[in-house]
Structures are given as structure tokens and as C-alpha cells.
Amino acid sequence: MKKIVLSFSLLALVLTGTISCSSDDNSSEQQQLKTLVLTSVNGTEATVNDEVTFVVTVGTSVIEGAKIEVNGKEVTNPFTFAEVGTYKVVAKKDGYNKSNEIEITIKADTAEDGRSIVGTWIPTNVIVTALGSEVVNMPYPAKENCEDDTLLFNSNQTVKFNYHSETCDLQTTGAAWSINEAGTILNLNLFGQAMTVNVITNNASKLIIKAKGNQFEALIPILVPDLAGNITPEMLGLAEVQLELNKQ
């Protein structure tokens, strides 16, 4: 009986030693794995719909085929962030330790917001050129002691031009407006005239539109009173009118 107990004791010692060695070997092997290093080419901030590219390295070597996870979900690389927020990103690949975690902050695209024409604009300056020469460069002829004239683009695709008489009486005209996908061609209807103008500048504070004079024909008596009645339709077609407006 003592021999049996002794035999089991010896066997237990051998197994314990084996398991211990095996565990030590696995631990050693895990420690020998190289750790991935994750970086973002775009930095840690981007805007909505920006494409962010990630690079995974070990030392000076770029590691191809690493999986990129954003908030625990595998994504493509590069990856386009579609919503504002803060995202945690890591890289993984078999045979390597998981990478460091980086945070990417996605902000609203203010440039895109600036291109939105919706809002109230105050006309500030008028430039008229003809045959390559500048004929008029003057402040918008606002009526003295009156409130500002405004050009209002509503989100429901309606437009209103609010302007004042010499006695500051408010008058309004306008119908519909639309803009092309690129934001470069604006269509609007004022005083019953369909106008198509080029958008030269459109940001958070300034809007500049420009077109042949005949596109502004209905507005000429307001924009450039001195020209009204003194310029023929033919000459108006040769001229170019630029109107600058500031966001209210």
C-alpha cells in the first residue's frame, strides 16, 4: 500500500512539474510576442465623412494585414467616420500582442455647414464690370435710417428678398431657390424673374454671387439705381454683376 501511495506521489510531482514547465513555456512565449503599434495618418482629430488611414508597425517595419477595430467592431482601413463622436481604435493580428489604443475625435464639418446657403444674408457690396473693365464698385445702397435689406433662404426651398423704400416701408419678393450638388450654381426667383448665378464664395459668414447682368435685370434698380434706365438690355447682357452678402 505504501508503494502505491509513493508511486502516486511521484506521479503527481512529475505531472506538477510538467504542467508548471508548460505554463512557464506558454508565459514565456506570450512575452516574446511583439506588440503592434497603431497610429493614424490623419492625427487624432478629423471631421465627419473624412477618410482616416491607420498604420500598424513594429519597430520600423509596417505590418500588413492587421485588423482595425473601432469601438470593438472590425472596420476597413482607411475608414470613413460618418458621425460626430469619440472613437477607440485598436489593431490586432495573429502572432502579435494587441496594439495600443488610440482615440479619434470626429467633429462636425464646419466647412460643409458654411456651404449651406440656408439663412439670412445682408447685401453689402455691388461690383459691375463691362468688357473687362470695372464700371461700378460700391457699397450696397441701403436706405438711410432703415433696417437692413435681407435675402432669406429658407430650408423649404423658398427665398425672400426683403427691401425698403425711401420711407423705410418694407416690401418683399421671392419664390423658390435651388442649388446644384457642387454648391456652385444657384437658381432663385425674385420679382418674377428666374435667375441663375454662380456662387463664388459661400462660407459661414460670406456669400458672393456673380452672373451676367441680364440675370440681375430685375434687381438692377435696387442694386445700382444710377444704371437703371441708362443701360440697354444688350449692354446689360455684356456686363457682369457681383453681389456680396454677409450672414446675419
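**Exercises on aromatic pairs**

In this predicted model, a search of the whole structure finds six aromatic pairs.

**Exercise 1.** Classify the geometry of the pair formed by Phe153 and Trp177, and state which strands hold the two residues.

*Solution.* Begin with the ring geometry: the centres of Phe153 and Trp177 are 5.5 Å apart, and the angle between the planes is 80°. Since planes over 60 degrees apart count as edge-to-face, the pair is edge-to-face. Next, place the residues in the chain: Phe153 belongs to strand β15 (residues 150-153) and Trp177 to strand β18 (residues 177-179), so that the pair, 24 residues apart, links distant parts of the chain.

**Exercise 2.** Decide whether Phe153 and Trp177 are buried or exposed.

*Solution.* The cut-off needed here is that buried means under 20% relative accessible area. Phe153 has a relative accessible area of 1% and is therefore buried, and Trp177, with a value of 7%, is buried as well.

**Exercise 3.** Determine how the rings of Phe161 and Tyr163 are arranged, and whether these residues are buried or exposed.

*Solution.* The ring centres of Phe161 and Tyr163 lie 5.3 Å apart with their planes at 15°, so the pair is stacked. Turning to accessibility, Phe161 is buried because its relative accessibility is 4%, and Tyr163 is likewise buried, at 12%.

**Exercise 4.** Name the residues that ring pairs link into a cluster, and then state what share of the protein's residues is buried.

*Solution.* The cluster linked by ring pairs consists of Phe79, Phe81 and Tyr87. For the protein, which has four helices and 22 strands, buried residues account for 32% of the 248 residues.

Terms used
Residues are numbered from 1 along each chain as its sequence is written. This is a predicted model: local features need pLDDT of at least 70, side-chain atom pairs count only at pLDDT 80 or more; totals for chains, interfaces and linings use all residues. Side-chain values use heavy atoms; hydrogens and water are left out. Rings of Phe, Tyr and Trp (its six-membered ring) pair if their centres lie within 6.5 Å; planes under 30 degrees apart count as stacked, over 60 as edge-to-face and the rest as tilted. Buried means under 20% relative accessible area, exposed over 50%, partly exposed in between (1.4 Å probe, protein chains only).
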